[in-house]
Amino acid sequence: MSELIDRFGRKIEYLRLSVTDRCDFRCFYCIPKGFNDFTDWDDQLTLDEYVRLIRIFSELGVSKVRFTGGEPLVRRDIVEMVQQIGALAGIEDLSMSTNASQLAKHAKAIREAGVSRLNVSLDTLKPDVFKQITQGDLNKVIEGLMAAKAEGFHPIKINMVVMRDLNFDEVGDMVNFCLENRFTLRFIETMPVGAAGQNAKDRYVSLAEVREMLEQRFELEPAKMKGAGPAKYLKVVGGRLKIGFINPMSQHFCEDCNRVRLSSEGTLYLCLGQQDKLEFRPLLRQGLSDEQLKDAIREAINRKPEKHEFNDKPDQVVRVMSMTGG
Ligand code: SAM
Ligand code: SF4
């Protein structure tokens, strides 16, 4: 039971770790064109620092950890990190968000290290559109996905950012792809995080439109999903496929927010859509005791903002998405 309860009564039990802000892809809505201002290796938390900090969070009641980034699989010690964090008493649920480009290589090791649930970004099934969005290779992602399926990860959720004049016409094909492979599908609205996210604003499609488009092709009914978080789920009648809708822009889900995010340089971001933060790296390197760090965490949680302001102040989050961890 988490003892981290903020001033709006929200219980914080979920930590997203951006284990590196680096990535082998360059999704145009995530990392700005030509961006090269990544965190120096020396400024990233070490494995020991991460594990200590997560242990302290777990002693305060955080039980769920998601590894994200940047691309978590480009961090060389990712498997040891998963093993050590998974072994902490109190951590009950490990998951990972990945672009899957290196998943074929790592699926077995991270499954054995304790990750059971995966979110994989996949916006299109067309290699040329994929290249245009990510600069990466679609074949590697499909290979990674198939390796993950063979290793028995469950659920595997496909995250599709829906964008006008790019992949909006593929939402039906993605439903069929996920039906065939028994993946869960989640549609995401573009968010104005960092310069790249702000540039993607003109591609924004409301998920109400996506739903309307799907209803012309499939019969949908409400579905339940364990640990659904901010996503609302529907399913195709008669099938197993669950379809989630994550509408940060058109529907607020801040009142149920149970999470905070830790960047690879050790900064705790209290809200994806706000600048409020706590920098742990200097505290860790100044030699603070566990108790002092716990006090700092409690004080930070008390400052967690009520809600994001993506609609009223779309320009205020200047850090790039890969730094905060999506
Ligand atoms: N590299 C991994 C991946 O792509 O899954 C994990 C990190 S990535 C930042 C996490 C998620 O954030 C991805 O699903 C990505 O599509 C999403 N994302 C990044 N920038 C976004 C933006 N501006 N608006 C909406 N979603 C975004
Ligand atoms: Fe990399 Fe994920 Fe950002 Fe794409 S969305 S650039 S894969 S971190």
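The crossing of α1 and α10 (residues 290–301) is right-handed; a crossing is called left-handed if the near helix is turned anticlockwise from the far one by less than a right angle, and right-handed if clockwise. In this predicted model, the two helices pack at an angle of about 65°, with their axes 10 Å apart. That makes α1 roughly perpendicular to α10 (angles under 35 degrees count as roughly parallel, over 145 as roughly antiparallel, 65 to 115 as roughly perpendicular and the rest as oblique). Axes are lines fitted to C-alpha atoms, for helices over the stretch in contact, and angles run from 0 to 180 degrees between N-to-C directions. Helices (H or I, at least four residues) and strands (E, at least two) are DSSP runs, numbered from the N terminus.

Helix α1 (residues 47–59) also packs with α2 (residues 78–86): their axes come within 10 Å and cross at roughly 25°. The pair is therefore roughly parallel, and the crossing of α1 and α2 is right-handed.

## Helix packing: α6 and α8

The axes of α6 (residues 171–181) and α8 (residues 207–217) come within 9 Å and cross at roughly 65°. These helices are therefore roughly perpendicular to each other, and α6 passes α8 in a right-handed crossing.

## Ligand 1

Around ligand 1 there are 18 residues, of which the closest are Y29, G70, E71, S121 and M191; a residue is near a molecule or strand if one of its heavy atoms lies within 4 Å of it. By class, this shell has 5 nonpolar, 11 polar and 2 charged residues (Ala, Val, Leu, Ile, Met, Phe, Trp, Tyr, Cys and Pro count as nonpolar, Asp, Glu, Lys and Arg as charged, and the others, Gly among them, as polar).

A polar backbone atom of M191 is 2.8 Å from a nitrogen atom of ligand 1. For G70, a polar backbone atom is 3.0 Å from a ligand 1 nitrogen. A backbone N or O atom of Y29 also lies 3.0 Å from a nitrogen atom of the ligand. Taken alone, ligand 1 exposes 550 Å², and the protein buries 94% of that (Shrake-Rupley method, 1.4 Å probe).

## Ligand 2

C23, F25, C27, C30, I31, G70 and N99 are the residues around ligand 2. Its shell has 5 nonpolar, 2 polar and no charged residues.

## Basis of the values

Residues are numbered from 1 along each chain as its sequence is written, while chains are lettered from A and ligands numbered from 1 in the order in which they are written. In this predicted model, local features need pLDDT of at least 70, side-chain atom pairs count only at pLDDT 80 or more, and totals for chains, interfaces and linings use all residues; side-chain values use heavy atoms, with hydrogens and water left out.

Definitions and conventions: A polar contact is a pair of N or O atoms within 3.5 Å; within protein, one must be able to donate a hydrogen and the other to accept it, and residues adjacent in sequence count only if both atoms are side-chain atoms.
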